[in-house]
Amino acid sequence: MSDIAFVRAEAIPPAPPPVSETGAIKWMRENLFSSISNGVLSFLSLAVVLWIVWSLLPWFTGSVWNAGSLSECRALGEGACFAVIRERFNQFIFGFYPPDWYWRPILTFLLLVAALAPVLFSLPRQLLLLTVAFPALAYFLLWGGSVWYPVMAMAGFGVGFAVWRYGGAVLGPLGALIAGVLAAVIWWMFLSSPVAGAFASVLPLALPSVESAQMGGFMLTLIIGITGIAGSLPLGIILALGRQSKLFIVKAICVGFIEFIRGVPLITLLFVASTLLNYFLPPGTEFALLLRVLILVIFFASAYMAETIRGGLAALPKGQYEAADALGLDYWRATRLIVMPQALKISIPGIVNNFIGLFKDTTLVSVIGLLDPLGVVRPIRANSDWNGIVWELYGFVALLFFICCFGMSRYSMYLERKMRTDHR
Amino acid sequence: MAVITDPQKEPFRIGMLLSDTRYRSLTIQVIVLFLFMLFAAWVVDNTIRNLDALGKSFSFAFLWVPAGYDINQRLIAYTSQDPNIRAAVLGILNTLLLAVMGCVTATVIGVMAGVARLSKNWIVARLMTVYVEAFRNVPLLVWILLIMAAVNDTLPQPNAFRGENATASMVLWDHVALTNRGFYVPEPLFTRSLGVIELGFMQISLDFLLFVGLLVAGIVASLRVGAWADAVQSRTGERPAVFWVRLGLVIGPSLVALLLLGFHLGLPELRGFNFVGGIHLRDSLLALWIALSLYTGAFIAENVRAGILAVSKGQTEAASALGLHASRVMNLVVLPQAMRVIIPPLISQYLNLTKNSSLAIAVGYMDATGTLGGITLNQTGRAMECILLLMAFYLAVSLTVSVVMNAYNDRMKLKER
Amino acid sequence: MSEPMRAQMKVLDEVAIRITAMNKWYGEFHVLRDINLTVNKGERIVVCGPSGSGKSTLIRCVNRLEEHQKGQIVVDGIELTSDLKNIDKVRSEVGMVFQHFNLFPHLTILENCTLAPIWVRKTPKKEAEDLAMHFLKKVKIPEQAHKYPGQLSGGQQQRVAIARSLCMRPKIMLFDEPTSALDPEMIKEVLDTMISLAEEGMTMICVTHEMGFAQAVANRVIFMDQGQIVEQNEPREFFTNPKSERTKLFLSQILGH
C-alpha cells in the first residue's frame, strides 16, 4: 500500500481567513443576525435602547442644578431637578453631623482606607498596627468624648491576649483561653472605665462629642456596614468552627443560632434592636439606638458569615486536616495555623459578597427611624419645597449604592478568577 | 510466651477530665452548656425584672382583644372589631399572597433573563447584563420606595379620569386604569356562578375550587398521557406526538368551564371620585410585587445562568456526537443536570423573597410584619409577644422550606465513588 | 499483533470520508490548512503530532462539532454543510469517543447507552437495552450496567463511552485521545477494546500518542504539524523510515526515552 505514502514538500504559510469570516461583518453576522428571529430580536432591542436613551436624554440635558424648590426648578427647565441633590448633598453624606466637624468622618474614612490597605495588599506588617488600632480611633473621631474610653476598651483585648499568651505555661491551652476571656471580661466590667477616667483627669485629650442620633446619610451606611462585617468576622469564625465541631452541645447551639438568624427577616431583628433589646439587659441599661442596631446587625451578619466560612472549611481538602494532625498540632493550633488561613482565603470572595448584601441591607434601618440615605429622602419629599420629586432623589441614592456594590462585586469576581489560577 | 492484654485502664484522676480524650469532650460540653444556661438565665432574669419595673406581663391574651384598626386588603372577611389574631392571620395571608405572586413572576423573569444572558445575540445578552447588575447592586428597599413614589407622584388621581375633558384616560382599550392609588384591572365574573361555601370564619368561591380541581385533574391526565407515550415509545420505539393533547388536557377543561359559567370581564368603572368594579391592585402591593419580582428575578437569572454554564461543554458535545439534535440535547442531557444546580439556590431565592416581603412595612402594605409587628405591636405595646410570634411565623416558613430542600438534595445527589 | 491478523482487517475500495482542500480558522488563527484526506471503509488511521497541531480539530470537523470555513467534507456520501438534517444524519453514523469520556453523570451506564438508540434510532426500549448489554459485555463490564458513571474507574468509564457509541451501530468511529486522561494500568484495557473493534473491520480515525497501538492496528499513520498533514505512510515505513525532518524530530521525542 505504498500509494498512501505522502510527504509535504513545503509548509503552507498561514493565510488570512476569508473576508466573510473576519471583522465587523462576521461579528455582526454571528452576534446579531445569526438567524431571522435573531435579527428581529436585535432590531427590537436596539429600538428599545434607542427609545430609552432618546427619552432620557432631554431629562439630563435640561436638568436644573440651581434652584430653591421644585416649582422654581420646573420654571427654569424641562429636565431633572438636581438642585435638590445639590442643596441636600451634605445631608446625604453626613446626615445631621455638625458641619464644623465634617473633617472627622472624612479623616476616619481616610484612616479606614489606610487600615484596609495592609489587609488587601501585601504591605509591610507594621502597618497592621493601624488596622488593629482603627476601631478605637474611629470611635473616638466619630463620637468624640475622651480618647481614653475607647483606648481602654481596646486594652481589654490586650489584657485578655496577655493572660492567654503567658498563662498557657501554667494553665494549659484550654485553661489559658478561659482565663484570657475571663480577664478581658473583668477588665471591661470593672476596670476599664475607672482607669480611663483616671487617665482623662490627668491628660484630658478629648473631642467635642457628637450624638448617635446626629449621624446619618451615607456615613451611617458605612458605619453600620463596616462595623457589621468586621464584627461578624470573629463571631462568624467561631460559629463556623462550632458548627463543624464534633461536640454535640456546641454544635447544637451554633446551628440553632445560625438557622434562627437566617430564618427570620432582618427587619424583625431590627425591631428587636429598637424595642426589645433593652428588656434583655440589666434594668437601667440605656444606650443609643444606633449601638443597639449595630449589635443586632453584627449577629445578623455573623450567621451569614459563618455559612460562608463553613463553605471555605468544607472546600479545604481533608488531607490538610490529616497532615496537621500528623504533625502533632492540637485542635487550636491546627485551626489557627493550617485550617483558618486557607479556609479564610477561599472564603474571601464570599465574604465580599456578604458585605455587598449587608451594605444593601443597611437601608432597612430607615424603617426604624435611623437617617441613612433613604431616611434622609423621606423628610425631603415631605418638605413643601420639594414635594413631588421622585426620580432625582431615589436615582441618586441608587447610584451611590450601585457604584459601591458594583465595584465590590467586580473586585470579588476578580479575586475568584485570581484564586482559580493561583490554585493551578 | 507473651500475653497480649488490653491497654491498662488507668484509675480515674481529676486531671483526666481535661487530658483524657474520653472525658475531655464531655468536660468542654458541660462547661459550654453551663455558660450558655448562665447566659440564658441572665437574659431571662433581666427580662422579668424589666417587665416588672414597667408593670407589664408576658401574655398572649391581647390576641383575642378587638384589633381596632382597618386593613384595606382582605383575603378573608375582616372588620376593625375582629380580634388581633384575625388581623395577624390576614397579615400572614397577605404575606403569602405577595410571596406567591412574587415567586411566580420572579421565576418567569429570572429564567428568561438568565437564558437571554447566554444568548448569542450580543445586544440581548448585554441588555440582560445591565438589568441583572442594576437590580443586584441597588438595595431592594430603594426599588420598592422608588416604584411606590413613582406610582403615587407621577400617575393621575382617579378623578382626573372624570368628565368631558378628562386629563387622563384608561389604557388597553379602556380595560385598565393606572392611577396614583394603584392599578384597576378587569376582574373575572361569571353569569352562572356556582356561589360560595360558608366556612364560618371564611368564604371559599366554588368557581375558584372548580378551576383548581379542573387544573389538577388536567395535570394528572396529562401526566398519564405522558406515561402512556413513554410506554408506547419503549414498546415500539416511536414516540406518539402528544404535546398538543397534553396541553389541551391541562387548559381545555378550564376553557370549557369558562364558557359554561358565562365568563366575562368586570371592567373598572369610574363612579364619583373613585373606580369601582374590577380588581384594585393597590399601590403598595404593586410596588412590592414589581420590585420583589425584578430584584429576585435578577438573582434567579444569575442562578439559571450558572446552572446552565455548570454543565460542561463536553456533555453537549457528547450528546451531539451521538446524533441527538439540539432540543433533545437540551431536554435529555443539559436540563436534567442544570436543574440540580439551579433548584437549590432557586428555592433559597424564594425564601429570600418571602423574607424580603417584610419590607412591606415601609410602604404600608398590611402583611404579617405590618399587622403583627406594626400596628398591633404599637397599639397593644406587647413588643415581646408580637415579635416572638412574627419570628416564629417566618422561622416556620424557613424551616419547612429547608426540610423540603434537604430532602430534594439528598434525592438528587449524583452518585459517586 | 502479527502480520496475518492485520491482513484480515480488510480495507475496501469504497470511500468512507473524503476531505478536500479543507481550511479552518479560529478567529484570525489558521488552525487547519488545506487538508486533503480520503479514508476508505475499513481503514484504521492514527493521527499524531505535537499538541496544538490541529489533530483534534480535524476529527471534530468530521462530525461537525467544529465548523470548517473552506473546502469540502463528505462523510458516507453526505456533504457536511450548515444543513442541520445532514449534520444529524452524519452524527448518527459516526461514533465519537472523547478524551474526558463525557458520560452523562445523571444517567446510569445502561441509560447512557440506550439514550441515543431510543431517541435517535427510535429503537424500542427492550431492544435498546439488549443491544446496550451486548456491547457492555463486549467491553467487558456488563455487571456495571446499573451503576452511575461517577462510581466507575476512568478505564471503565472510557469503555462505557466506547460501548455508548457502538450502540448507535456507527459506520465510522472517531477517537480523540481516548487514553490520555487515564492511569497507565487502565490504558491497556481501553486499547484492547479498540483493537478488537479494529479486528471487526470498523473504520476508525484515532488521535493518539500510543505508538504501539499505531504499529499494531493502523494501516496508515498521519503526522500533523501546524495545521497541516506533514507526512503519511503505512506504519512500518512511518516509524522506521520517516521522510520529513519534523516527523523525525517528533518521533525521536516520543520514542526517545
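Mentor: Let's go through the chain contacts and then the strands. Keep in mind that this is a predicted model.

Trainee: Where do I start with an interface? How much area do chain A and chain B bury between them?

Mentor: The size of an interface is often given as the accessible area lost when the parts come together. Here chain A and chain B bury about 4900 Å², with 75% of it on carbon and sulfur atoms. The contact takes in 57 residues of chain A and 53 residues of chain B.

Trainee: And how many salt bridges are there across the interface of chain A and chain B?

Mentor: The rule finds 2 salt bridges there. In a salt bridge between B:Asp153 and A:Arg381, the side chains come together at 3.1 Å, N to O.

Trainee: Which elements of chain A give two or more residues to the side that touches chain B?

Mentor: They are helices, among them helix 2 (36-61), helix 13 (331-361) and helix 15 (391-423) of chain A. Sort the residues on that side of chain A by type and you get 39 nonpolar, 12 polar and 6 charged.

Trainee: Now the other partner. What does the contact between chain A and chain C involve?

Mentor: Go through the list again. Chain A puts 16 residues in contact with 20 residues of chain C. About 1600 Å² is buried between these two chains, 60% of it on carbon and sulfur atoms. The rule finds 0 salt bridges here, while 7 residue pairs are in polar contact, both at pLDDT 80 or more. On the chain A side, the residues touching chain C are 13 nonpolar, 1 polar and 2 charged.

Trainee: Which strand of chain C pairs with strand 1 of chain A?

Mentor: For strand pairing, look at the partner, the direction and the bridges. Strand 1 (residues 6-7) of chain A pairs with strand 10 (residues 228-233) of chain C, antiparallel, over 2 bridges. Find A:Val7 and you'll see C:Glu231 opposite.

Trainee: What about pairing inside chain B? How many residues lie between strand 1 and strand 2 of chain B?

Mentor: There are 2 residues between them, and the two strands form a hairpin. Strand 1 (residues 177-179) and strand 2 (residues 182-185) of chain B are antiparallel, with 3 bridges. B:Thr179 sits opposite B:Gly182. Strand 2 of chain B also runs antiparallel to strand 9 (residues 279-282) of chain B, joined by 4 bridges. There, B:Val185 has B:Ile279 as its bridge partner.

Conventions:
Residues numbered from 1 in each chain as written. Chains lettered and ligands numbered in written order. Predicted model: local features only at pLDDT ≥ 70, side-chain atom pairs only at ≥ 80, totals over all residues. Heavy atoms only, no water. Pairing = 2+ DSSP bridges. Contact = heavy atoms within 4.5 Å. Buried area = accessible area lost by both parts, 1.4 Å probe. Salt bridge = Lys/Arg side-chain N within 4 Å of Asp/Glu carboxyl O. Nonpolar A, V, L, I, M, F, W, Y, C, P; charged D, E, K, R; others polar. Polar contact = N/O pair within 3.5 Å; in protein donor to acceptor, adjacent residues only side chain to side chain.
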